[in-house]
Amino acid sequence: MSVRAFAEHLGVAVRTVTKWEALQTSTSPRPDTQAILDTALSRADTDAKLRFELLLSNGGGASLARFYGNGPYGRDGIERAAQRAADFDRLLATTAIDDPQVDWLCVRLAELATAYVHTPVHDLVHHIVQAQDQAFTLIRRGLRPRQLRDAYLAAGIGCLLLAAASQNLGHTEAAQTQLGTAQRCAEAADSDALRVWARGSAALTLEWGPTPVSALRFLDTPPPTLAPQTHRRALALEARISARVGDSARAHQSLRRLDDLLDSAGPEDEVTSFGGIFTFPATKAVYYRAGAHDLLGEFTEARRHGLDALDRYATAPEEERSYGDLALTRVIIADTHLAERDLDGAAAALAPLRKLNQHERIAQLPTAMARTHRLVTTIAGTGLATSLLGDLTPPRRIGSGSA
C-alpha cells in the first residue's frame, strides 16, 4: 500500500505512517497504536502474514552474525532458528492448511501401539492421553478435508488405545466412553477398519463384564477388503464370546472359519497398519482358541492350544509378546489341569503368575482367577485354594457387581 492508503487502512494520520517509514526500527509506536497494528496483522490474509514473518526473520535488517550469536551452525543459532520456526508454526496453525503434525501423530500412535503389547500400561497412559489430545486439537483447529480424515482416524486410534488401557486398569465405564467416541470417529472418517475394531473392542469389554451375552450385538463380519488380521480378530472374538455364553454351535463354526484364516497373509488396513496391539497374529488367535475350548469344557483341546500359544509367544518378536495374553493363557492351562483334579499341574502352570509385579496384572486376571479358585475349592477346599493361589486369589465379592 501507499503511505496514504496504509494510514487510511489503520485509521491513523498520514504523518504518523510517514514518521514510521522515516525512522524505521528506531521508532516505537505508542501502546494504543501498537494495538491497532496488532489488530491489522491478525486480520491480514495468509500471504501478508507470511511476508511479515519472513521480513521479521531477518531481524529487521540486523546482521545474520548477530542473530546467530556463536556462528550460523552454533548451538545458539540453531536453537534460535528452531524457536523462530516454532513461532512461525503457531502462526500457520491459525489457518486451515495441511499440517505435518498429522503424519507425526500417526507415527507416535504406531509407536505407542507397539509398546502397549509388552509395556505395563501404567507407563504408557500419559503418553496416549497426550497423543489423543493432539488429535482432538488438530480437528478443532481446522484441516483440509484430506487431512481431516486422517486426524479423525488418529483420534479413533487414540480412543482404542485408551479403551484398552482403561479396561486393563479396571475402569470399564471409561473404556466404554472411549469406545463410543472411537465409533463416532470411525463414522466421521468413514473407515470400515476403525468401525470394525471399535465394535470388536466394545464386544471384548462386554465379554468380561456381568452380561457377556450383550457383547454379541457388537460382533460384525468385516468387509472382505479389510486385512486378514482384522478378520481373524473378529472370528476369534466370536468364538470365545459364543463359548462363554454357551452357544456351542456358533463357537465351533467360528473356530472352523478361524482355522482357515490362521496363517493368512495380506495387505494391511487402516488400523492394522498401526501395528502392535492393532495386529492379530496367529499366536494371539491360538490363545483365543484355547480360551474358547476351555469355556466349552473341551479341556484336552484347550491345553493343546494353550501350550502351543505359550511356545509361539516364547519365539515371537517382542512387539507380539503380550504379557496380558501370556498370563491368561497360563490360567487356561491351569484350569485344564484342575478339570482333571491335577493340583500339581495347575500349580506349575500358575507359578510364573506369582512373580508378576502389580503393573503387569491386568484387571481381567482376577476375573479369570475366580473360576480357578472355584475349581480348586471344589477339589480340595478353600484353605488349599488360598495356599495354591496366594496373592492371585480373587477378592471376595461384597455386593452385586463390586469386588
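These legends describe close-up views of the cavities in a predicted model. Residues are numbered from 1 along each chain as its sequence is written. Local features need pLDDT of at least 70, side-chain atom pairs count only at pLDDT 80 or more, and totals for chains, interfaces and linings use all residues; side-chain values use heavy atoms, with hydrogens and water left out.

**View 1. Three cavities of 30 Å³ or more lie in the structure.** On a 1 Å grid over the protein atoms alone, a cavity is a set of points where a 1.4 Å probe fits but cannot get out. Volume is the space filled by probe spheres set on the points, which are joined across faces, edges and corners. The largest cavity has about 650 Å³.

**View 2. Ala164, Leu204, Ile277, Lys284 and Asp325 are the closest to the centre of the largest cavity, out of 36 lining residues.** Lining residues have an atom within 4 Å of a point. Two or more come from each of H7 (101-118), H9 (145-168), H11 (192-207), H12 (228-244), H14 (282-295) and H16 (323-339). Helices are DSSP runs (H or I, at least four residues), numbered from the N terminus. H9 gives the most, six residues. The lining has 21 nonpolar (Ala, Val, Leu, Ile, Met, Phe, Trp, Tyr, Cys, Pro), six charged (Asp, Glu, Lys, Arg) and nine polar residues (the others, Gly among them).

**View 3. The second largest cavity has a volume of about 80 Å³.** Its lining includes Val196, Arg199, Phe218, Asp220, Arg233 and Leu237. H11 and H12 each supply at least two lining residues. H12 has the largest share, with four. By class, five are nonpolar, two polar and three charged.

Notes
1 Å grid on protein atoms, 1.4 Å probe; cavity = no way out; pocket = protein on both sides within 12 Å on 5 of 7 lines; lining within 4 Å.
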